[in-house]
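Please look over the sequence and the model before reading on.

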Amino acid sequence: MTKIKEKTVSILVNNKPDVLARIAGVFSLRSFNIESISANVTKDPGKSKIILTTKGNQDTLMTIEKQINNLVDIIQVSDLTKIPSIRREMILIRLKVSTANQNSIIQVVEKLHGRVLSKEEGYWIVEVSGDVDEIDAILARFDKLGMDDFTRTGTVALEQIA
Amino acid sequence: MKKETIGADIVVKILLEEGVEAIFGYPGANSLPLNDRLMDSPIKHYLMRHEQAAAHAADGFARATGKVGVCMSTSGPGATNLVTGIATAFMDSTPIVALTAQVNTSLLGQDAFQETDIIGITMPIVKHSFQVKKIENLASSLKQAFHIAQTGRPGPVVVDLPRDVLARSCECPNGDYDAVDMPDKEVDDPEQLEKIARALNKSERPVVILGGGVKLGHATGEIKALVEKAKIPFVTTMMGIGSVSAGNGYDLGFIGTHGYELANRMVHDSDFILAVGTRFSDRSTSVVAEFAPMATIAQIDIDPTSIGKIIHVDLPYIGDIKETVTALLPLVEPKERAQWHEKIKKEKGIVCENNPDNGCGRAGRMISAIQGIMPDDAIAVADVGLNQIWTVRTWRTHSPRNLITSGGMGTMGFSLPAAIGAKVGMPDRGVVVISGDGGFYMNIQELATISYYNIPIKIVVINNAHLGMIRQMQDLFFQSRFTTCELGSGVDLIAVARGFGIEGRRVAVDEDPQEGILEMSRACGPYLLEVVVDPEHYVYPIIPPGRSNVEMIFGKGE
Ligand SMILES: Cc1ncc(C[n+]2csc(CCOP(=O)(O)OP(=O)(O)O)c2C)c(N)n1
């Protein structure tokens, strides 16, 4: 019952200015953390999709899902941890580059199907994406290669069958 | 000259469509376009003396009538003054619509004069809210607000109305709007209902717990039929008092911190609980882990978030209470359960309610005497504190809406303005306020409203010169170290009432209060009865913090 789990939900909402605040309110009320969140407008410009990842025990996760579902502007909440779905995350990484590590960086980036986006005065920015479970390992690898800073998108996800 | 149609006219039109007859409010520069257009409508705007009172009055109106109550304020301080009232309605799920004026849309976000983010401030205490930035959305937002406030689990809805939206002339003279399409109610699988019925039929020691949702869902008749057919004893929460009229033989009283000893004991001993329209709040359950330890729990509620939020529920069912109980009725079987009823009868003989004033002492007897002089369907509006517990333990509920009190929020100062709303909504019924001196001071300015509109409410102030309940807690749980609880007897409340133009009289509960009670009953207009009570006159039983529902104490030093 108290086992901490991670959960990614996809929330389809009416595209209203305060809907994100209302969803965030459900979390803050219960002192719950949002691990990551990403929002975008859908094919229908009146609707937005929010991909949200959180951690907690089964009961609290269920309560939160119910409470989000109860908000007026919510159209649908689906638990992507329960249905077949692709869950990915993208990172932009700035690396301090020297002749010593340059080749290793290029190799790793290639292996991960990433890209080098900019090369300025000893600093490169690379883009890599990966499965949610791989992303920490990827970061660890770049950390050893002179990682200076990074930005993560947080989990984005899509159901495999509509 | 014919006036052009402006946003405010659309507001009036929708209010009329929704059957609104009264608004409780307070004006300001930004609300004036609406105040002006309301003037020409049949809707009566009651000018309260404080916006908090306006929200409580709308709430009292809703609780007494079952219809949506409407309050209105200007922007900034007017809107923030509504907040306690909105939260009070939220905690007890009452349907109110709060119209707040706002600064012009062009000024939003600039910290303009009397601008406040009322949508942000009220977000955690509303069912939903709208800020109407475009006149085209005005009608549909208002329609939705009324719909949302009263469907499903009811609750407050704020509609924030920028001044320019109210004042702008409108292309659509009829205020046309798109039909409101709201998603269908969630309803559970009927098989689940059969499971509940089977468990109930099998049980030997069942109890039904009725919450405020029974009244809100207009299901009192259905519930009565259910408990009578199945011969099941029932208890209520404090908000559920009156769900089924008292004295039908199955009523064990209400549960929780200040509840009935009998009710708490029987819930504890039960093997099956059917909870209807209650969220199992901590006031009702005390220590959750020790609540009804032997019972299988079934819960019916329209609000999925209220199910299993606090307590583990074995058999949940999401659905409209009236429809669900109607469907459940043919599935339950009458069953004698002689042993269970025998046990209840035996317990009834030994519990503390088994004395003439049911644990409430002289104050309780005085409240009974007051009910005695009022018509049968009179509404009591209790405040918060000892006075509230005395009232809810004493007042006999002959109909579901004749006891009103702030349960979830416990807002002192609620009773006087809520009674105004109740009387406006139910002019033919007697309305009596029962308040402590502390709570009375909190919205005492409403005596002016009562006097100005000559609203014939009976006001009983039980004056113990203290914040009585605070004093009791300090006496019991803080080694009698009394602090910040004395109000003193230096105020002549009768002179104060007279100053507001309201007649009144002071009596002592120890001497004979009957004469004062009779005088109050003869008064045609509003009347204030001040009842002086000893500050050591407490309320028992009480469950100390951190103890379970069956660990009630009955006096000091237990
Ligand atoms: C607005 C508000 N402030 C504080 C409290 C905490 N409180 C609960 S009961 C109580 C004392 C009430 O005193 P009084 O109105 O004189 O009633 P009595 O208990 O004496 O009947 C207080 C201060 C509250 N419930 N509401």
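## Basis of the model

The model is predicted: local features need pLDDT of at least 70, side-chain atom pairs count only at pLDDT 80 or more, and totals for chains, interfaces and linings use all residues. Residues are numbered from 1 along each chain as its sequence is written, chains are lettered from A and ligands numbered from 1 in the order in which they are written, and side-chain values use heavy atoms, with hydrogens and water left out.

## Chain B as a whole

Chain B contains 23 helices and 18 strands (DSSP runs numbered from the N terminus, helices being H or I with at least four residues and strands E with at least two). Its radius of gyration is 24 Å, close to the 24 Å that the globule rule gives for 558 residues, so chain B is as compact as a globular protein of that length. The radius is taken over C-alpha atoms, and the rule is 2.2 Å times the number of residues to the power 0.38. Along the principal axes, the C-alpha atoms of chain B fill a box of roughly 80 × 65 × 40 Å.

Of the 558 residues in chain B, 59% are buried (buried means under 20% relative accessible area, exposed over 50%, and partly exposed in between, with a 1.4 Å probe and protein chains only). In helix 18 (residues 415-425) of chain B, eleven of the eleven residues are buried, so this helix is largely enclosed by the rest of the structure. Among them are B:Leu416, B:Ile420 and B:Lys423.

A search of the whole structure finds one cavity of 30 Å³ or more. On a 1 Å grid over the protein atoms alone, a cavity is a set of points where a 1.4 Å probe fits but cannot get out, and lining residues have an atom within 4 Å of a point. The largest cavity has a volume of about 50 Å³, a volume being the space filled by probe spheres set on the points, which are joined across faces, edges and corners.

Its lining includes A:Lys7, A:Phe27, A:Glu65 and A:Val77. Strand 1 (4-14), strand 3 (47-57) and helix 2 (58-70) of chain A each give two or more residues to this lining, and helix 2 of chain A gives the largest share, four residues.

## Aromatic contacts

The count comes to six aromatic pairs over all chains. Rings of Phe, Tyr and Trp (its six-membered ring) pair if their centres lie within 6.5 Å; planes under 30 degrees apart count as stacked, over 60 as edge-to-face and the rest as tilted. The rings of B:Phe280 and B:Phe291 have centres 6.0 Å apart and planes at 75 degrees, so this pair is edge-to-face. B:Phe280 is buried at 3% relative accessibility, and B:Phe291 is buried at 6%.

One aromatic cluster is formed by B:Phe24, B:Tyr46, B:Phe61, B:Tyr452 and B:Tyr453.

## Backbone geometry

Most residues other than glycine have a negative phi, and most peptide bonds are trans. B:His218 has a positive phi near 50 degrees and is partly exposed at 46% relative accessibility. B:Ala292 has a positive phi of about 40 degrees and is buried at 5%; B:Ala292 lies in the loop between helix 13 and strand 11 of chain B.

A cis peptide bond, with omega about 0 degrees, joins B:Tyr540 and B:Pro541. B:Pro541 lies in the segment after strand 18 (527-532) of chain B.

Conventions. 1 Å grid on protein atoms, 1.4 Å probe; cavity = no way out; pocket = protein on both sides within 12 Å on 5 of 7 lines; lining within 4 Å.
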